[in-house]
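I record here what I looked up in one structure, entry by entry.

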Amino acid sequence: MKIFFAMGVVISEKAMADALERLGHSVTVWKSENRDFDYNTAYLEEVTKRVMEGNYDIVFSCNYKPIIARACKLLKIKYVSWTVDSPHFPLFSKTLAYDTNRVFIFDYALYEKFKDYNPGRIFYFPLGCDFYNWSRVNPTDEEAKKYNYDVCFIGSLYTDLSLYTQAKEMMSEHTRGFCDGLINAQSKVYGYNLLKDVIDRELAKKIKKEIDWEDFKEDYEEDDAYVISEMILGTGVSALERIELLNAMAKRFSTHLYTRSDTSVLKDVKCEGLADSMTMMPKIFRSSKINLNITSKPIQTGIPLRALDIMACKGFMITNYQPELNEYFENGKNVVMYTSIEEACDLAAYYLDREKERREIAENAFEIVRDNFTFEIRLEKLLEMI
């Protein structure tokens, strides 16, 4: 198959393109850091020109981009996207209904929300990972010793990226108190999204008015309740959970963090700065005794890429409960899941004293990822479905 791969800023894109080539496809990569997924005329003209000149079978991208959908609709060529982020608000674009689209969504709850926007052309499809490279990770003795942390987390704290941090400053005292209470309650619940049940359309409109939220363009079908619960409050939940879990871990264990976020809210956590995603990160996953996966709350049910990456590096992982993780992996055998911060800390204490069990669980997880979640396996199946 001849594939035009429209790359953006997603870290795993190159690994996907390499996997497609290993599968025998002809892949032309065009990289742009354009973040206007809908209204950049120059981008639209350029992608249209390049696709016309190449006589491709499909156009592919990570995450759905309405601007590419418009070009493919015009050229009558299939546009295949694999959504790797949640929430992903370009899915609200009316272009989602185009008959040239084939949209794959990794989070089942997100798929359920959008599947009827284009029946038969939107699919639930769990993620894969760069197993080809991660499985070959081989830290030197010096690196293995350096990164042999008791507990380690690599990722954002959302302390400076959270839209809720910005939005709460504009809320009335009553609304801010109500939202803080919701966020605190949701941070203690795993496997169920109570925000979507509490935030109805009227409450969402009230909050949007207070924070001076600018609506999407006219060619979007905006869902007020979804915007507030996922895009605003969801990031607030993620920030709170990560801060509280890391602080709780650091009270009991030597806990290390790699992030670019503001870490002033943390106590006793050893902040190491940034970890390069391609070089340092996989070696840290492989060498740490316990890797934490703390799934962003807007990923309601799905298996996040970070969890697959850890397992593909043969790292031992303790993760929050996710419904889809529970479907594909067995708790205590090839994954270890917690349902509260207290349980997470108790599990860390248990497994820090049991190296043999850690190694066995990590090996079991590695084998499941090898047999089911490599980019080669996932992409081959994805292309069969279009």
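Is K283 buried, partly exposed or exposed? I worked from a predicted model. At a relative accessibility of 23%, K283 counts as partly exposed, because buried requires under 20%.

Entry on salt bridges. I looked up the partner of K283 and found that its side chain meets that of E143 in a salt bridge, 2.9 Å from N to O. E143 lies in helix α6 (residues 141-146) and K283 in helix α12 (residues 280-287), so this pair ties together parts that are 140 residues apart in sequence. I next looked up K168 and D180, whose side chains form a salt bridge at 3.6 Å, N to O. K168 lies in the loop between α7 and α8 and D180 in helix α8, so parts twelve residues apart in sequence are tied together. K168 is partly exposed at 23%, and D180 is partly exposed at 30%. The side chains of K208 and D224 meet in a salt bridge at 2.6 Å, N to O; both residues are buried. I also noted that salt bridges with shared partners join D38, R70 and D219 into one network.

Entry on strand β8. I found both faces of β8 (residues 255-258) covered: T255 and L257 on one side, H256 and Y258 on the other, are all buried. Strand β8 pairs in the parallel sense with β7 over four bridges and with β9 over two. H256 stands opposite C152 and also opposite K270 in β9.

Entry on V369. I located V369 in helix α16 (residues 355-372) and found this residue buried, with a relative accessible area of 0%. Beyond its neighbours within four places in sequence, V369 is in contact with residues including C129, F131 and L308.

Key:
Residues numbered from 1 in each chain as written. Predicted model: local features only at pLDDT ≥ 70, side-chain atom pairs only at ≥ 80, totals over all residues. Heavy atoms only, no water. Buried < 20%, exposed > 50% of the residue type's maximum accessible area, 1.4 Å probe, protein only. Pairing = 2+ DSSP bridges. Contact = heavy atoms within 4.5 Å. Salt bridge = Lys/Arg side-chain N within 4 Å of Asp/Glu carboxyl O.
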